[in-house]
2 protein chains.
Amino acid sequence: MEVQVAVAKVAKYATSESGDTVEMVERPLGGLSFVMADGQRSGRSAKAISNLVARKAISLLAEGVRDGAAARAAHDYLYTYRGGKVLATLNIVSIDMVSRTIVLSRNSHCPILIVTDEGTRVLDKPSRPVGVHRRTKPLVAELSLQPPTTVVLFTDGLLDAGQRYGGSLDILAAVQSLCDEQGRTAQSIADQLLAQALQLDQGRAGDDISILVLTVRTRCRNGELAPFSNTDVRRLSVTFPLPPVIIR
Amino acid sequence: MEVQVAVAKVAKYATSESGDTVEMVERPLGGLSFVMADGQRSGRSAKAISNLVARKAISLLAEGVRDGAAARAAHDYLYTYRGGKVLATLNIVSIDMVSRTIVLSRNSHCPILIVTDEGTRVLDKPSRPVGVHRRTKPLVAELSLQPPTTVVLFTDGLLDAGQRYGGSLDILAAVQSLCDEQGRTAQSIADQLLAQALQLDQGRAGDDISILVLTVRTRCRNGELAPFSNTDVRRLSVTFPLPPVIIR
């Protein structure tokens, strides 16, 4: 059995920096956690907020704090620090090797999609962002870690893609159709969803977009490492473009 | 221009957990940092040490602390916490968008290899691990962020691969020959080095092995996202096998 987690992320067109933050950390008792935060507005001020929230959650998760408590703490921290005036959405996705479950914590109006062989679930119960309402709690869902499972999370740039041009992405249909294609990696699902959104936005993202895809599959061939397919190799790959130097 | 960072990582054969820790964090002023730590011995006790060291370094880097200071602090922390009795190797690799440089901090007997179009550099000046000698400092090197550059770091499992069978990997030659091949991604370089090491270890790693490869290249085609090649998409992908459930 193999878990893949992939992220594809763009900034709003013509802004220097995405206001979204996605961070990853190893859980001290086994497994990994991913934190996705979207700060209010866009650009540098949004980035400062999402970074603050993500950093607080990550540092607690790294110390073994449970996900729900880390989300509450991130809320309390932002609420205290900015006097309840600034909001952020916050999602935490954990692969917890102690409980052998996927733990999904949601403080966002964006739904989370889950596709298994039993069908598709949409986690879209109303949920508050962090930072503005006292005692905000996340909605937490837990799934057993078994193949085939695909979980898709995103920030609202994906929800609103194409809006300026009167279009919109049917995210549920897009995810279902990608899950039906054999052999799609988590990265190719994330990339394909982002490509469809950029298409609707005519190549210029109307907002920051971040997409996180988690898949649980029976083991597949592993490129160069195929001859050692019994060996438990962990792999991490990060790709990012370098902005050109701006000469002032 | 595009930066790729890839990690391939296996545990010593027949241990449940690698004693190495590799973590990633976004730098608050722009860019990313990667921390690779190898704790003394192997298995769970080594993991606890490498995790402690990596977590300290990561949390400081996330707050904007400079790399050399983060490495010194990680040393001081381990030295204080374990009374100078336990050691770990520690490498920090940063893509610093303020200085537009790659910053390499090294507290390890393992060399760092750098391949550019000017040739190959080997950073192998004697350097102490963290945790055991008072006032240990890292060796820090800084490179400008320009293509083509490949940087390869690893823990000593790669250095010692094949030792039990009287073989050893010529890492420098292997890296140079991989860099000569057009179109190799950072992940495929890391995977190929790991595959060669596992071959020498007859498929059963004699020690924990972690390999980190950083490449700076002119932009290449991006799969699903190719039609939007002007769009600055960041991507992260993590793959890891799930150990089978052990029923006691």
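## A buried aspartate in chain B

Let's start with Asp208(B), which sits in the loop that runs between α5 (186–200) and β10 (209–217) of chain B. Keep in mind as you look around that this is a predicted model. Does Asp208(B) count as buried or exposed, and which side chain of opposite charge is nearest? Asp208(B) is buried, and the nearest side chain of opposite charge belongs to Lys12(B), 7.4 Å away. A salt bridge needs a side-chain nitrogen of Lys or Arg within 4 Å of a carboxyl oxygen of Asp or Glu, and Asp208(B) has no salt bridge.

Most peptide bonds are trans, and most residues other than glycine have a negative phi.

In chain A, Pro147(A) and Pro148(A) are joined by a cis peptide bond, with omega about -10°. Pro148(A) belongs to the loop between β8 (139–144) and β9 (149–154) of chain A. Chain B has a cis bond from Pro147(B) to Pro148(B), with omega near -10°. You will find Pro148(B) in the loop between β8 (139–144) and β9 (149–154) of chain B.

Now for phi. Ala14(A) has a positive value, near 70°, although it is not a glycine. This residue lies in the loop between β1 (2–10) and β2 (20–26) of chain A. Ala14(A) is exposed, with 71% relative accessible area. Gln202(A) is another non-glycine residue with a positive phi, near 50°. Its place is the loop between α5 (186–200) and β10 (209–217) of chain A, and at 55% relative accessibility Gln202(A) counts as exposed.

## Where the two chains meet

How many residues of each chain are in contact with the other? The count is 56 residues of chain B and 55 residues of chain A. Between them, the chains bury about 5,800 Å², with 58% of that on carbon and sulfur atoms. Within chain B, the residues that lose the most area to chain A are Arg235(B), Phe240(B) and Leu242(B), together 14% of what that side buries.

Charged and polar groups also pair up here. The interface has 6 salt bridges, and Glu26(A) and Lys47(B) meet in a salt bridge at 2.7 Å, N to O. Polar contacts link 25 residue pairs between chain B and chain A, counting pairs with both residues at pLDDT 80 or more. On the side of chain B that touches chain A, elements that each supply at least two residues include β2 (20–26), β3 (31–39), α1 (43–62) and β11 (234–241). Which element gives the most to that side? The answer is β1(B), with 9 residues. Sorted by class, the side of chain B that touches chain A has 31 nonpolar, 10 polar and 15 charged residues.

Terms used
Residues are numbered from 1 along each chain as its sequence is written. Chains are lettered from A and ligands numbered from 1 in the order in which they are written. Side-chain values use heavy atoms; hydrogens and water are left out. Helices (H or I, at least four residues) and strands (E, at least two) are DSSP runs, numbered from the N terminus. Buried means under 20% relative accessible area, exposed over 50%, partly exposed in between (1.4 Å probe, protein chains only). Lys and Arg count as positive and Asp and Glu as negative; His and the chain ends are not counted. Contact means heavy atoms within 4.5 Å. Buried area is the accessible area (1.4 Å probe) that two parts lose on being put together, summed over both. A polar contact is a pair of N or O atoms within 3.5 Å; within protein, one must be able to donate a hydrogen and the other to accept it, and residues adjacent in sequence count only if both atoms are side-chain atoms. Ala, Val, Leu, Ile, Met, Phe, Trp, Tyr, Cys and Pro count as nonpolar, Asp, Glu, Lys and Arg as charged, and the others, Gly among them, as polar.
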